[in-house]
Structure formats: structure tokens, C-alpha cells
Amino acid sequence: MKKSILLLCVCSLLSACATNQKSRLATTLAGVGVGAVIGAATAPEDERAELHAMYWGGIVGVVAAIAANIYFNDKTDMDMVRLENEKMKAQLDFFQSGTATLLKETKGAADKKYFQSGKAKIKLYKIDQWVDEGPNKKYHRDQMIEILPLEKND
């Protein structure tokens, strides 16, 4: 009976939801459940099993919550959102700046940190744009590069 309850808790932990917030919550709840089962199963005969279950559930739940916060961090998701935001800003600048001429389009290797497939479509554009940087400084943009991820089947 004890093994089946422990197996049920482990299975519910492994089948956590896909989002990080739900995964952290599922891991914490599974830790509380596993701790409660361990506490109730290991309680001495002369003491109350439900109190041991609460103590162990709290301790294992806190440890599971800390581990889940470390494991299911949002840094990679935030990096991807930041990159997408930069790409959208570049596209907005591209559309606002006027004309652009496509010079070259190739496919090649890309950083797997940002592109899951490790391959990207690279487009090189020629643009003619003056950009203000402060009251007495301007610089000229003459080229723009666009890097788009390729799907695994491309």
C-alpha cells in the first residue's frame, strides 16, 4: 500500500503541466504529498501519525518548492521573449525607414542557444537611413541582417 501511494505521487510529479508556474506548483504539491506519506509511514507507534505526516509534508514540500524554483526557472523563456522583442523592433524600424534592397539570402548554421534547429535563414539588406542619436550626433545605417530560424524539416 505504501509503495503504491509513493508510486502515485512520483507519477503525478512526472506528469506535471507544461508551463513553469504549473510545474513548480505540481512539484511542490507532490513534495507535500510524498512527505506526508513518508511521515505517516515512519511515525512511531506511541505518537500521532497525522502530526508526523504534517511535519514531513511541510519539510519535503519546502525542499521540493526550492528545487522546483531552481529547476523551472524562467530565464530561457525571458531570453526568447527578449530576442523576439528585439526582432520585432528591428522589423518595425525596417518598415518605418522606407526602402530596402535584398542583397543576399542564404541558409546556414546558427547558435543553438537561440535557434532550436541550429539552422537559420540569413537575409542581408541594403538600406539607406540616417539615425539621430542625441541633439548633435547622427549615424548612417547602410546594411541590415535578418536571421530567421529554420524548422527541423527545412
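Which side chains meet in a salt bridge at 2.9 Å, N to O? They are the side chains of R82 and D79. A salt bridge here is a side-chain nitrogen of Lys or Arg within 4 Å of a carboxyl oxygen of Asp or Glu. The model is a predicted one, in which local features need pLDDT of at least 70, side-chain atom pairs count only at pLDDT 80 or more, and totals for chains, interfaces and linings use all residues. Residues are numbered from 1 along each chain as its sequence is written, and side-chain values use heavy atoms, with hydrogens and water left out.

R82 and D79 both belong to helix 4, residues 75-97, where they stand three residues apart and are therefore separated by about one helical turn. Helices (H or I, at least four residues) and strands (E, at least two) are DSSP runs, numbered from the N terminus. R82 has a relative accessibility of 46% and so counts as partly exposed; buried means under 20% relative accessible area, exposed over 50%, and partly exposed in between, with a 1.4 Å probe and protein chains only.

In total, the structure holds five salt bridges. Side chains of opposite charge can pair when their charged atoms come close. Another of these contacts joins E105 and K121, with 4.0 Å from N to O. Because E105 lies in strand 1 (residues 100-109) and K121 in strand 2 (residues 119-132), this pair ties together parts that are 16 residues apart in sequence. E105 is partly exposed at 44% relative accessibility, and K121 is likewise partly exposed, at 25%.

From strand 2 the reader may pass to strand 3, residues 138-149, which pairs with strand 2 in the antiparallel sense over 11 bridges. Two strands are said to pair if DSSP finds at least two bridges between them. Y125 has M144 of strand 3 as its bridge partner. The hairpin of strand 2 and strand 3 has five residues between the strands, and G134 takes a positive phi near 90° there. A salt bridge also links D132 with K138, the closest N and O atoms being 3.4 Å apart, and both of these residues are exposed.

Y71 counts as exposed, at 66% relative accessibility.
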